[in-house]
Amino acid sequence: MEEERHVKANARDFNDKFSYADNGIRTSKYNLFTFLPINLFEQFQRTANIYFVVLLILQLIPAISSLSWFTTIVPLVLVLAITAVKDAADDYFRHKSDQQVNNRRSLVILRGSLQNEKWMNIRVGDIIRLENNQVVAADVLVLSSSEPHGLCYIETAELDGETNLKIRQALSVTSDLNAVSKLSDFDGKVICEPPNDKLDKFTGTLHWRDDRFPLDKGNMLLRGCVLRNTEWCFGMVVFAGLQTKLMQNCGRTRFKRTAIDKLVNNLVLLIFGFLICMGVVLAVGNTVWESNVGKDFQVYLHREEFVNSAVYSGFLTFWSYVIILNTVVPISLYVSVEVLRLGHSYFINWDGRMFHSGSDTPAEARTTTLTEELGQVEYIFSDKTGTLTQNIMVFRKCSVNGKSYGDVYDEFGQKVQITERTVCVDFSSNPLSDKRFKFYDNGLVEAVRSEDLSVQEFFRLLALCHTVMPEEKSDGALVYQAQSPDEEALVTAARNFGFVFRARTPDTITLRELGRDVSYQLLAILDFDNVRKRMSVMVRNPQGQIKLYSKGADSNIFECLDPSSEDLLHSTTEHLNEFAGEGLRTLALACRDLDEDYIDVWMKKLLLASTEIENREARLAAVYEEVEQNLKLLGATAIEDKLQDGVPETVARLSLADIKIWVLTGDKLETAVNVGYSCNLLRDDMEQVFSISGQTPLEVQRELRSAKQHILGLRQDGNAGKVEKIDVSGVDSVFEETVTSEYALLINGHSLAHALEPQSEQTLLDLACSCNTVICCRVTPIQKAQVVELVKRYKSAVTLAIGDGANDVSMIKTAHIGVGISGQEGRQAALASDYSFAQFRFLQRLLLVHGRWSYFRMCNFLSYFFYKNFAFTLVHFCFGFFCGFSAQTVYDPWFITLFNIIYTSLPVLAMGIFDQDADDQNSLRYPGLYKSGQLSLLFNKRQFFLCTLQGTATAFLLFFIPYGAFPLLSQLSDRQAFAVTVATSLIIVVNFKIGLDTHYWTAVNHLFMWGSLAMYFIVLFALQSNGIFDKVRSLQQARERQGAAGPRRSRATSCSRRSGYAFSHQHGYGELITSGTNMRISTTSFNSSS
């Protein structure tokens, strides 16, 4: 186990001693040599496949086989081959994806020059050159860049789902290594943490020139990031291939099986046990019959020498009946199931209502094995950014110096609802304004123009306090690249109101304030963290004044305010409550004046804390806290995070279907909470919203237990509110019947890490499952997968994970069902998913329509399939008591062969593919219909026993009614007529039964059902007509005469034994006895009669 990593630059021989992973990746499951064994191992996890192999082995033993071996091996090989081809095709595409990534090119410094190498050939310790818009090949330490002071800008959508730019910077001691000659001589050594999955943390030290330099995440470029707005940069590879943080967060490809698959496996075991019991009963019957009656047939039915007792004859009979009765679980069941799933998958692909015209993206079923499980989902784990939202932020309202701006009022002072027809503010007087920005309250523009100092300071803060990077295009257009979309929205708002952010260097920020350029000296950036929940910048203005500008969560800003802001605090709080009630994302803004002496002392503390290796983050936070005190409140902002179309309606319908939605996001808590309110996951009338934010395992455990006890206490007191559902009268009234959520749980990533520890995970799960909504914030991709795994491990419920970025791949692979959104963050999630489409709103149709239909059809199919095969097979069991337990079959061999292939296969397939109890509109209108799948009501062990009991009763009636009637019809008393009567009755009964079970008739249903009946009678006429019968009989008699002319061999037998003749043919010896063709006249009887 690697405890510490040692990497030396440009020293492959040194690094090879540690056997670090190379930079090649492999996400596929198989290769040319492992495909067959691994795939067969996966397929033989199905109990039925093992059962049919055992059956095949038995059929290869002539002494007990009553059916030809090819009747089993052909369909078995066909099923295995079809599944193997499908799995091979899926893995082939994974191989192609791996090759495409591994064969990408990157410039590497080797032997003193830049060489173009494939990614797979890059090694730990190599120095690589990255160029603008190029994907980072490995986890690298930034050494230098084309930007001043070694800055570079990256997009991290592959890692955290955010498309906005982030800043990384080289150490000052390496930032001047911009020539290949200098970099080839670089021999620095990095000692750092071992490979791990923590995207937001890196701790290491660079040893170079007899000195040590601390490293953190701000010095690292992680694999999957894209270099933006930076011409070039050089970096040293620290982690490669599967040891990079991106790959550490990607879960392995899992073999997914549905709950119905597992249930059918268990039922196959039960049926096999039932089959053994029937075989034992018939074998005992054969033993008794041979002992008491069989001796009377010994004279003219010769025995094989190895059949030396009645017990041994019963033993052989047992295996013969195991073969004959195996059709209680025919292999055609699994072929039919795969055909149904394939059909259901095509229906998803062909659904025009899940096609997104904006991106020209259809829905795609990327697997054919999980369709019916779409109708049983109980938990949905959803990403936020790009999945629930469009990741587009819009500045809507603000509060400045106690006055609210953003609403529009008519001449009577009444608030007017803003629509597309509402006239927006004219910003044409500002040549640098963003033409896409819209604001409707002219009062704010007038306040700026009237030189209201509080308003100007408000927008000055928005223009200075951020980490946005400006980019001026060739056409002069000013474009902002921001780490978060809300920062971009705030800076854009300041830009349109006259405070334009123009340029940034590591030491300065340049603004154009109301038409004139102003440059501020940047002294420090106090970055955002989850504890402080705010960020600040310290600047010196042209007048020499030092100002601290802060923005952050209102509660965290308010606790740092100077007492002089108390009056303003009340009015601002009221405005914030109004904004939050509208589902807007809010931030509070404040500032502080600082003096030179204080800053000199504080800067020394900052330098000391930033050079610490241990507890660096905690020391920096303490230094930040010290200066962020006695702030003066300026106001607050309100931003709308636009949801995707139809998200609130989708959430409402899924909630009505008793599906719980958990949001797992890398975004901060306030953002996720606001989105939760916007899409109705969170509501103001909830009983309680629990927030878990403990910093230690004990604190987290205490908070979890307290919340759990609170819920249990209310329940025991009977105080939990009950909401009565209202019948839906239309699609638009879906909100009226939404059940009000009683509890919600909010937890951040740091606390979640402690909550997922073994001593706390059960408490976390109990609490989370008691809440209607769970929101986990600042979570890493691997934590997303761990949350999904926790529910899978302890709850017998079907889980679904949905996301749109590479940071969601791990949870998509972990959940029972993975859904990928083909969004702005690429197709990584879609490629790793089981189902993909373009918008979250299509999820309701995938589950409530296609999922419910698939589950409904599959359950009806299985119930009918088991019914008809029990009805078909158990006739042999009944007949065993009337043929001397001789393993004789009732039906003609052709009927046995064609029953499941032609006579009954197509009608049940038509029902399984096309049947529906409610159309798509009613399925969406009444989400409660979905609950039958969650509760497994349509097919379970009870339903299985009922349908098999019905099949057993049908078999008894089909056998005993003709058996009782035939003695009354002397002219129809032969066995062939009896067999034809039973077979014809069976075909009519099972087809009539499927007609009763079908809810939705189509032309295909009619064609298949009536066509199957017609085909049966055509084949019956062909096989049973006089002409064909006479020809066959003539051939049979010719063979008998030819056999009679040959020499006979006599055997002496000592006891009554089963005839060897019966075991050497496809049938038992019952037909020989009843036909009399093999009878010999007893010499004793002849002499006595004479």
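Biologist: Is Cys 947 buried or exposed?
Modeller: Cys 947 is buried, since its relative accessible area is 7%, where buried means under 20% relative accessible area, exposed over 50% and partly exposed in between, with a 1.4 Å probe and protein chains only. This is a predicted model, in which local features need pLDDT of at least 70 and side-chain atom pairs count only at pLDDT 80 or more, while totals for chains, interfaces and linings use all residues. Residues are numbered from 1 along each chain as its sequence is written, and side-chain values use heavy atoms, with hydrogens and water left out.

Biologist: And what about Cys 277, how accessible is that one?
Modeller: Cys 277 has a relative accessible area of 47%, so it counts as partly exposed.

Biologist: How many disulfides does the structure hold?
Modeller: The structure holds zero disulfides, taking a disulfide as a pair of cysteine sulfur atoms within 2.5 Å.

Biologist: Okay, zooming out, how many helices and strands are there in the chain?
Modeller: The protein chain has 37 helices and 35 strands, which are DSSP runs numbered from the N terminus, helices being H or I with at least four residues and strands E with at least two. Of its 1090 residues, 54% count as buried.

Biologist: What share of the contacts comes from residues 24 or more positions apart?
Modeller: Among contacts with a separation of 6 or more, 74% are between residues 24 or more positions apart, and contact here means heavy atoms within 4.5 Å.

Biologist: Switching to helix packing, at what angle do α8 and α9 pack?
Modeller: Helix α8 (residues 259–292) and helix α9 (residues 310–324) pack at an angle of about 145°, with their axes 8 Å apart; the axes are lines fitted to C-alpha atoms, for helices over the stretch in contact, and angles run from 0 to 180 degrees between N-to-C directions.

Biologist: Which residues meet there?
Modeller: On the α8 side they include Leu 275, Ile 276, Gly 279 and Val 280, and on the α9 side they include Thr 317, Phe 318, Tyr 321 and Val 322. The residues of this contact divide into 10 nonpolar, seven polar and one charged, where Ala, Val, Leu, Ile, Met, Phe, Trp, Tyr, Cys and Pro count as nonpolar, Asp, Glu, Lys and Arg as charged, and the others, Gly among them, as polar.

Biologist: Why is α18 described as largely enclosed?
Modeller: Helix α18 (residues 647–656) is largely enclosed by the rest of the structure because eight of its 10 residues are buried, among them Val 647, Pro 648, Arg 653 and Leu 656. After α18 comes Asp 658, whose phi is positive, near 60°.

Biologist: What is phi of Arg 111, and where does that residue sit?
Modeller: Phi of Arg 111 is near 55°, a positive value in a residue other than glycine, and Arg 111 lies in the loop between β2 (105–110) and β3 (113–118). Arg 111 counts as exposed, at 73% relative accessibility.

Biologist: Where is Arg 778, and how accessible is it?
Modeller: Arg 778 is in the loop between β32 (773–777) and α23 (781–794), and it is partly exposed, with a relative accessible area of 27%. Its phi is likewise positive, near 55°.

Biologist: Last one, what is Gln 839 in contact with?
Modeller: Leaving aside neighbours within four places in sequence, Gln 839 is in contact with His 356, Gln 644, Asp 645 and Ile 821. Gln 839 is in the loop between β35 (835–837) and α26 (842–880), and it counts as buried at 12% relative accessibility.
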